Amino acid sequence: MIKKLYKKVKNTFFLNNNEKFFINNYNYEDTSDRLNAKKNILLNATEDYKTVCFISSLIKDKYFTNKNIVFFLPLLSWHRYSHKKNILIFIFKFYLNQLILLFRNKKWKKIYNKFNSEFISLNNCNILKEIKFLNRAEKILLSKINTKKDLQNLKINGILVGDLIYDTYLRYNEKTTVNLKDIFLIEVLAKTLNSLDKLNKKKLVFEEIFTNQLAYIYHGLLVRKYKKKKVQVYNFMWTAGPHFAPISRYFHLYDFMKYKSLFKKEKNKKQKLYEAKLLLENKFGGKIIPQENFMPVSAYENKNQYLPNILGTIFLHCFVDSPTSRGNCIFVDFEEWIIETLEYFRKKKVSHQIAIKPHPDSKEASLVLIKKLKSIYPEFIWLSKNFSNKTIFNKKPFFGLTVMGTVLHELAYHNIIPISAGENSTLNYNFTKTANTKKNYFILIDRAIEKKLHYLSNKKEILEWVYMTYLYDKSPSKIFCKKIKLKTWDFSKSKALVKLLDVL
């Protein structure tokens with residue numbers, strides 16, 4: 001326990017040997033004339049090596065010549081305490097967490113300083129201002145927010161922020177649903193109000209913004225504010241190849257409702273579909289494909305596992321992983337979705353034929369809820385989060401359920417009916433049964449239980465979706481990040497910085 005805490009503190013606040021090596025050996029030849037720069041470029045300075053490597057590749061391509069780089073520090077300081085309860089404790093917590101954030105940012109500033117020393121932050125260090133926005137947030141919650149849906153639909157200055165607030169509350173409060181009376185919710189809304197106030201007062205005008213995150217108020221507020229101003233925002237979330245990937249709908253690099261029309265414009269379509277097929281074969285063969293290198297393990301490992309015959313499988317999401325800001329879900333959040341779904345199967349007396357698999361990358365809050373659900377609904381077949389999809393698919397269940405997961409195309413490819421409970425990136429095609437209301441969702445489940453749901457898998461459509469999602473790339477072929485195959489790198493460890501120096 002003490003060793004684990006020591007390691008966390010050390011990694012959070014202090015540079016390791018690889019990071020020091022990068023700082024001491026990276027030579028940035030600054031060709032920018034900042035005094036006469038025609039453009040200000042904002043770069044999201046997240047705490048990850050992927051961002052550092054991607055920025056370096058842009059510099060290698062001389063993209064920032066005569067452009068002024070400004071770094072955005074996205075982290076905020078949380079005190080999780082009401083000033084109305086005990087003002088002295090509030091003051092202590094406020095300044096303690098400000099100090100922690102100061103030293104946390106200091107480490108990453110040292111790394112990003114290799115490129116430029118200009119930074120902006122939306123974090124508030126003024127305690128009187130903090131109290132002012134906390135009071136304002138409490139009034140908004142009391143006067144305007146009666147339900148969770150009210151919260152999700154909340155707009156401030158014409159900008160939708162409610163879904164970002166909802167997701168931020170879940171992820172950083174380690175809860176699987178929102179408590180509208182929770183003091184932390186007031187703080188999240190207060191941070192939102194303060195951040196928007198700061199953005200309104202900022203004098204810097206940005207022509208372009210680069211980010212690898214769109215979720216939560218940390219990143220989403222900035223993106224939505226500048227998108228409203230018609231500023232071009234580029235996403236390099238997966239570093240999957242696109243040099244400049246303009247964001248469109250939610251987390252998707254390109255508008256998934258235009259996939260078909262975009263693919264029609266592609267040359268060598270057969271070759272591209274073949275590339276998509278090879279990618280799927282690698283995935284189903286147990287490899288972690290480059291586009292999903294965030295996965296801890298392959299979902300298709302060969303394992304000797306027992307599973308009885310099943311009618312259907314529910315593929316759970318991580319319950320705190322942006323359930324609302326990624327698209328329209330017909331349920332308020334993932335917790336409501338799974339409880340109502342399990343109750344329906346219980347009512348239909350088919351629980352014993354339904355397998356449930358947790359998301360492989362589930363956070364602790366999700367695992368706590370799953371443990372609770374297992375005790376309430378023991379008649380279901382509960383699988384481990386590392387249970388192989390290969391074993392599940394070999395049992396040929398009739399259908400599979402998810403809200404918006406990428407498992408939809410995997411189910412379809414194996415001729416298992418995919419049923420979605422929310423907006424998802426397969427909507428431009430017909431291989432997913434997507435419900436647009438709760439009534440429609442349970443009708444689809446009813447028909448699936450009775451095996452009356454007609455379905456014919458279209459492999460060409462599935463491969464086309466795979467290509468558009470994972471391989472479609474309109475960026476120049478000679479850009480540096482492609483040359484070094486940056487999308488295939490492992491960014492989970494600081495060794496990526498040493499590898500970068502070797503190829504520069």
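Colleague: Is F442 buried or exposed?

Modeller: F442 counts as buried, because its relative accessibility is 14%. Buried means under 20% relative accessible area, exposed over 50%, and partly exposed in between, with a 1.4 Å probe and protein chains only. Before you go on: this is a predicted model, where local features need pLDDT of at least 70, side-chain atom pairs count only at pLDDT 80 or more, and totals for chains, interfaces and linings use all residues. Residues are numbered from 1 along each chain as its sequence is written, and side-chain values use heavy atoms, with hydrogens and water left out.

Colleague: Fine. How many aromatic pairs does a search of the whole structure find?

Modeller: The search gives 34 aromatic pairs. Rings of Phe, Tyr and Trp (its six-membered ring) pair if their centres lie within 6.5 Å; planes under 30 degrees apart count as stacked, over 60 as edge-to-face and the rest as tilted.

Colleague: Take F284 and Y300, then. Why is that pair edge-to-face?

Modeller: Because the planes of the F284 and Y300 rings are at 65 degrees, with the centres 5.0 Å apart. F284 lies in helix α11 (residues 269-284) and Y300 in the loop between α11 and β8 (312-315), so the pair ties together parts that are 16 residues apart in sequence. Helices (H or I, at least four residues) and strands (E, at least two) are DSSP runs, numbered from the N terminus. Both F284 and Y300 are buried.

Colleague: And what about Y441 with F442?

Modeller: Edge-to-face too, since the ring planes of Y441 and F442 are at 65 degrees and their centres 5.0 Å apart. Y441 counts as buried, at 0% relative accessibility.

Colleague: Which residues form one aromatic cluster?

Modeller: F22, Y26, Y49, F71, W108, Y112, F115 and F119 make up one cluster. F119 also has the charged end of K109 over its ring, 5.3 Å from the centre. For that, NZ of Lys or CZ of Arg has to be within 6 Å of the ring centre and within 35 degrees of the ring normal. K60 lies over the face of F480, at 5.6 Å from the ring centre.

Colleague: How many bridges join β1 to strand β2?

Modeller: 6 bridges, and β1 runs parallel to β2 (residues 67-73). Strands pair if DSSP finds at least two bridges between them. N44 has F72 as its bridge partner in β2. β1 also pairs with strand β6 (residues 208-211) in the parallel sense, over 3 bridges, with E208 as the bridge partner of I41.

Colleague: Last one: what does the side chain of N40 make a polar contact with?

Modeller: The side chain of N68, at 3.0 Å. A polar contact is a pair of N or O atoms within 3.5 Å; within protein, one must be able to donate a hydrogen and the other to accept it, and residues adjacent in sequence count only if both atoms are side-chain atoms. N40 lies in strand β1 and is buried, with a relative accessible area of 17%.
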